[in-house]
Amino acid sequence: MKTVKVLAAEIVAREGGFVNDPDDPGGATKHGVTLTTLRRLGLDITRDSRIDTADVRALTQAQAADIYVEYYFKRPGLAALPDPLQASVFDM
């Protein structure tokens, strides 16, 4: 099985770059990470005391992958799933 870091990097690569489509209720998104997610996690990427669209724009692929690993794999306990299920559930 691929490592969780490799899986996260693959997900981030598929998610693509910055988008902020007014017809998309998800709002500003980059590498699959939304502004709402950054705010919920308290991640001020630009370190300007505001979490806004500039933070989404500034998000790197590595930072996005770290968010995926920590908040979408480790904290939900996906490592406790059987190995064959981990990648599929993580990618959901």
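Student: Helices (H or I, at least four residues) and strands (E, at least two) are DSSP runs, numbered from the N terminus. Where is I51 placed, then?
Tutor: I51 is in the loop between α2 (35–41) and α3 (53–58). This is a predicted model: local features need pLDDT of at least 70, side-chain atom pairs count only at pLDDT 80 or more, and totals for chains, interfaces and linings use all residues. Residues are numbered from 1 along each chain as its sequence is written, and side-chain values use heavy atoms, with hydrogens and water left out.

Student: How accessible is I51?
Tutor: The relative accessible area of I51 is 21%, so I51 counts as partly exposed. Buried means under 20%, exposed over 50%, and partly exposed in between (1.4 Å probe, protein chains only).

Student: What does I51 touch?
Tutor: Leaving out residues up to four places away in sequence, I51 touches L35, L38, R39, G42, L43 and D44; contact means heavy atoms within 4.5 Å. R39 is 12 residues from I51 along the chain, and their C-alpha atoms are separated by 6.0 Å.

Student: Switching to K30. Where is K30, and which salt bridge partner does it have, if any?
Tutor: K30 is in strand β1 (residues 29–30). K30 is buried and has no salt bridge (a side-chain nitrogen of Lys or Arg within 4 Å of a carboxyl oxygen of Asp or Glu). The nearest side chain of opposite charge is D55, 11 Å away; Lys and Arg count as positive, Asp and Glu as negative, and His and the chain ends are not counted.

Student: Which backbone oxygens does the K30 side chain reach?
Tutor: The K30 side chain reaches the backbone oxygen of R57 at 2.6 Å and that of L59 at 3.1 Å. R57 and L59 are also among the residues that K30 touches, along with G16, G17, F18, V56 and A58, not counting residues up to four places away in sequence.

Student: New topic: how many aromatic pairs are there?
Tutor: A search of the whole structure finds three. Rings of Phe, Tyr and Trp (its six-membered ring) pair if their centres lie within 6.5 Å; planes under 30 degrees apart count as stacked, over 60 as edge-to-face and the rest as tilted. One of the pairs is Y68 with F90, edge-to-face at 6.5 Å centre to centre and 85 degrees between the planes. Y68 is in helix α4 (residues 61–74) and F90 in helix α5 (residues 83–91), 22 residues apart.

Student: Are those two buried or exposed?
Tutor: Both Y68 and F90 are buried.

Student: Why is the F73 and F90 pair called edge-to-face?
Tutor: Their ring centres are 5.2 Å apart and the planes are at 80 degrees, so the pair is edge-to-face. This pair also links α4, which holds F73, to α5, which holds F90, across 17 residues. F73 has 7% relative accessibility, so F73 counts as buried.

Student: Which residues do the ring pairs link into a cluster?
Tutor: Y68, Y72, F73 and F90.

Notes
Polar contact = N/O pair within 3.5 Å; in protein donor to acceptor, adjacent residues only side chain to side chain.
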